[in-house]
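Biologist: I'd like to learn how to read a structure like this one. Could you walk me through it, feature by feature?

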Amino acid sequence: MDKPPVKDKQEKQIFEKQKKEYETIKNHQREELNRFRLYAEERLGRLMKDSNRHSMEFQPLDQVHRSIVHDIAETAGLSAVSFGVEGERYIVVYKKEHPPSEDELNARKNGEVWNKQVAQEYAERRQLLRLNQLKKRSEQSDRKDDGNTPSSNYNKKYVHLFGEDAAIDVARRTEVNRSYGYVPSENKKDVRSIEQTMADIVARKKLKTQHQESAVVEEPPPQETTSNPIP
């Protein structure tokens, strides 16, 4: 029987060599990931023990290493948030009792480094935005009030009744109740108690009945018409 060609033997040797190299690379990557896991666990352990520290930022990591940090943080009861674009994406781990503020989230999403100076800048921006919103609402409210201003001239309205000086005084004392029109709200409120209201109703009914009875009594009886006898 003839021996197999030498070429097949060489290809097999090349395949075995590549397989061995692949296994070596995989083992090296596995060891590196295990070392990184121990490193991340040690850092997050220090974070949990330090009562004066609320968060911990990691250097930019690829997706595999970020997934390890997320897994460790979730197991430890922490919150991990990723920021930045791919290639520069990093993780910040927070204690759940000290979550990030809205300003910090916005700053990190905008690619800014979060520190005391940036925090002060964002606080000032937020305050300025709030003042602008209040100013805008005030202007809108003023425009609505202008729409409720009576179009008549009170000075001229009361001149023919009270004279020039009295008309001005009356115009000053006349106030518009914007909630209920031109009638003061106090005049529309019934301040009586339930007992007083019921007593008034009964009294009105009794008075009405008395008026009806007196009207019947005072009404004269109808006169009888007598016919004259025919002579």
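Biologist: Let me start with the strands: which residue in S3 is the bridge partner of Phe 83?
Modeller: Strands pair if DSSP finds at least two bridges between them. Here Phe 83 has Tyr 90 as its bridge partner in S3. Strands S2 (residues 78–83) and S3 (residues 90–95) run antiparallel and are joined by 6 bridges. The hairpin has 6 residues between the strands, and Gly 84 takes a positive phi near 90° there. A word on the source: this is a predicted model, where local features need pLDDT of at least 70, side-chain atom pairs count only at pLDDT 80 or more, and totals for chains, interfaces and linings use all residues. Residues are numbered from 1 along each chain as its sequence is written, and side-chain values use heavy atoms, with hydrogens and water left out.

Biologist: How many helices and strands does the protein have?
Modeller: Helices (H or I, at least four residues) and strands (E, at least two) are DSSP runs, numbered from the N terminus. This protein has 6 helices and 3 strands, in the order α-β-α-β-β-α-α-α-α along the sequence.

Biologist: And what percentage of the residues count as buried?
Modeller: Buried means under 20% relative accessible area, exposed over 50%, and partly exposed in between (1.4 Å probe, protein chains only). Of the 231 residues here, 16% count as buried. Contacts (heavy atoms within 4.5 Å) are another thing to read: among those with a separation of 6 or more, 39% are between residues 24 or more positions apart.

Biologist: What about rings: how many aromatic pairs are there?
Modeller: Rings of Phe, Tyr and Trp (its six-membered ring) pair if their centres lie within 6.5 Å; planes under 30 degrees apart are stacked, over 60 edge-to-face, the rest tilted. The count here is 4 aromatic pairs. One of them is Phe 36 with Tyr 39, a tilted pair at 5.9 Å centre to centre and 45° between the planes. Those two are 3 residues apart in helix H1 (residues 6–49), so about one helical turn separates them. Phe 36 is buried at 8% relative accessibility, while Tyr 39 is partly exposed at 34%. Ring pairs also link Phe 36, Tyr 39 and Phe 58 into a cluster.

Biologist: Which charged end sits over the ring of Phe 58?
Modeller: The rule asks for NZ of Lys or CZ of Arg within 6 Å of the ring centre and within 35 degrees of the ring normal. Arg 43 does this for Phe 58, at 4.6 Å from the ring centre. Arg 125 lies over the face of Tyr 122, also with a distance of 4.6 Å.

Biologist: Which residues are linked in a network of salt bridges?
Modeller: Glu 57, Glu 104 and Arg 108. Glu 104 and Arg 108 have their closest N and O atoms 3.0 Å apart. Both are buried, Glu 104 at 7% and Arg 108 at 6%.

Terms used
Salt bridge = Lys/Arg side-chain N within 4 Å of Asp/Glu carboxyl O.
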